[in-house]
Amino acid sequence: MTTPARPRAGAFLYPWDVDGDPAAPALLAGLGVQQVTLAAAYHSTRAFTPRHPAHRVVTAEHAAVLHPVDPDRWAGRRLAPYPAGDWAPGDAWARAAEALDGTGLAVHSWVVLAHNSRLGADHPDTSVVNAHGDRYPWAPCLAHPEVRAFLVDLAAEAAVRPGATGTELESCGWYGYAHLHAHDKTGGVPLDDRARLLLSLCFCPHCRQGYADGGADPDALAAAVRAALAPVWAGTGPAGELGELAEPVLGWRARTARAFQEAAVAAVRTAAPPGFRILLHADPDPYACGADAGTDPAHVLGLADGVVARPGRLAPFAARLPAGSTLAANLSVVSGMGGAPGRLAEDAARALADGATELRLYHAGLASDADLAAVRTALARLG
């Protein structure tokens, strides 16, 4: 009887988890993973580095690229990537990738696109605006032509780094209401999926024009969204429906996201060498907003080389997966952040049964020694 081959597994990582820590490459290589997905463009964060000899807490104050930019590409443009501060100076990505060279681990770039609070703070016109007129500075609006051009070029530049054999594009679609904001105080009103979508619908000038072009009066639509949300704010019931206005608004959003995803993937392919793998962090609901971009499974799997998706969201992609494409299950292994490294073998087996072809482990740099020991044991069991 043949033993099934161990599925390819990759671990997410920040450059500061490796840069300056001589012990990190061997530790990662010993986990049983075959790949590291290394952040090249990332949003603001505060992160533990439990083993680093020089620091334990890294504060990335704003969204930034973790490598130098091409000055010719961005010369004279209003929207351009922000360099990192002292949390990732210079070419932190390259230093981390070079440190991993020789371990046998493949390196993918990890690129966060439509999630950038600094961009919205500096350029308020670029942000999603909800039906109540509230602006979301962390959520760039894909319908804004300047935003779209910025994000497409960012995708190409941050994805194709020297030494990378592939990329994983996060937030390659609409971002919206959901956001882990500093000292967040929004838990007092529970929101279901419909309420979150309604709060994520954008009413900036570009989106208002898009709704109008689709046959919906943007003022009537905004009023309908506010009315649908009224029971949520009052605590008297779930959000209501948009009725006949739903089709033009959702159609506009789906078309806009698809066009952006097509442009971003095409830009990366043009910049990348042959054989470079392009994966999108994706959700099978085309109207989903957030890090896992809403997609149509058939469309995105015909576009990219595969997707990274969470447990419970794998089956619609598995049903459409072309031969040779990748469906990577994104499994959390940080126990302090809700992950279950002790159940990794079982969770991975379940994901593989649901159609996953690879695994992604979030996140090797954030995990404690005990969590990583559990990962090592689980991956050995799978092999």
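**Helix packing and buried positions in the predicted model**

Leu 198 is found in helix 7. In this predicted model, Leu 198 is buried, since its relative accessible area is 4%, a value that falls under the 20% limit for burial. When its neighbours within four places in sequence are set aside, Leu 198 is in contact with Val 225, Ala 228, Leu 229, Ala 239, Gly 240 and Leu 242. Ala 234 lies 36 residues from Leu 198 in sequence, and the two C-alpha atoms are 16 Å apart in space.

Two packed helices are described by the angle between their axes and the distance between the axes. For helix 7 (residues 193-200) and helix 9 (residues 218-234), the packing angle is about 135° and the axes are 10 Å apart. Helix 7 is therefore oblique to helix 9, and the crossing of these two helices is left-handed. On the side of helix 7 the contact involves Ala 195, Leu 198 and Leu 199, which meet Val 225, Ala 228, Leu 229, Val 232 and Trp 233 in helix 9. By class, the residues of this contact divide into eight nonpolar, no polar and no charged.

A second pair is formed by helix 6 (residues 145-159) and helix 10 (residues 246-271), which pack at an angle of about 35° with their axes 8 Å apart. The crossing of helix 6 and helix 10 is right-handed. Helix 6 contributes Arg 148, Leu 151, Val 152, Ala 155, Ala 156 and Ala 159, and these residues meet Phe 260, Ala 263, Ala 264, Ala 267, Val 268 and Ala 271 in helix 10. The contact of helix 6 with helix 10 has eleven nonpolar residues, no polar residues and one charged residue.

Helix 10 also holds Gln 261, which is buried because its relative accessible area is 1%, under the 20% limit. Apart from neighbours within four places in sequence, the residues in contact with Gln 261 are Cys 172, Gly 173, Leu 280, Ala 293, Gly 294, Thr 295, His 299 and Leu 303. One of these contacts, Thr 295, is 34 residues from Gln 261 in sequence, with a C-alpha to C-alpha separation of 9.0 Å.

In helix 13 (residues 344-353), the buried residues are Leu 344, Ala 345, Asp 347, Ala 348 and Ala 351. These residues cover an arc of only 165° around the axis, and they therefore lie on the same side of helix 13. An α-helix has 3.6 residues a turn, so residues three or four places apart point the same way. The buried residues of helix 13 pack against strand 13 (326-332), strand 14 (358-362) and helix 14 (369-382), whereas the face turned away from the buried side carries the exposed residues Arg 350 and Ala 353. Helix 13 is followed by Gly 355, for which phi is positive, near 115°.

The crossing of helix 13 and helix 14 is right-handed. Leu 344, Ala 345, Glu 346 and Ala 348 in helix 13 meet Val 375, Ala 378, Leu 379, Arg 381 and Leu 382 in helix 14, and the residues of this contact comprise seven nonpolar, no polar and two charged.

Conventions
Residues are numbered from 1 along each chain as its sequence is written. This is a predicted model: local features need pLDDT of at least 70, side-chain atom pairs count only at pLDDT 80 or more; totals for chains, interfaces and linings use all residues. Side-chain values use heavy atoms; hydrogens and water are left out. Axes are lines fitted to C-alpha atoms, for helices over the stretch in contact, and angles run from 0 to 180 degrees between N-to-C directions. Helices (H or I, at least four residues) and strands (E, at least two) are DSSP runs, numbered from the N terminus. A crossing is left-handed if the near helix is turned anticlockwise from the far one by less than a right angle, and right-handed if clockwise. Contact means heavy atoms within 4.5 Å. Ala, Val, Leu, Ile, Met, Phe, Trp, Tyr, Cys and Pro count as nonpolar, Asp, Glu, Lys and Arg as charged, and the others, Gly among them, as polar. Buried means under 20% relative accessible area, exposed over 50%, partly exposed in between (1.4 Å probe, protein chains only). The arc is that of the directions from the helix axis to the C-beta atoms. Angles under 35 degrees count as roughly parallel, over 145 as roughly antiparallel, 65 to 115 as roughly perpendicular and the rest as oblique.
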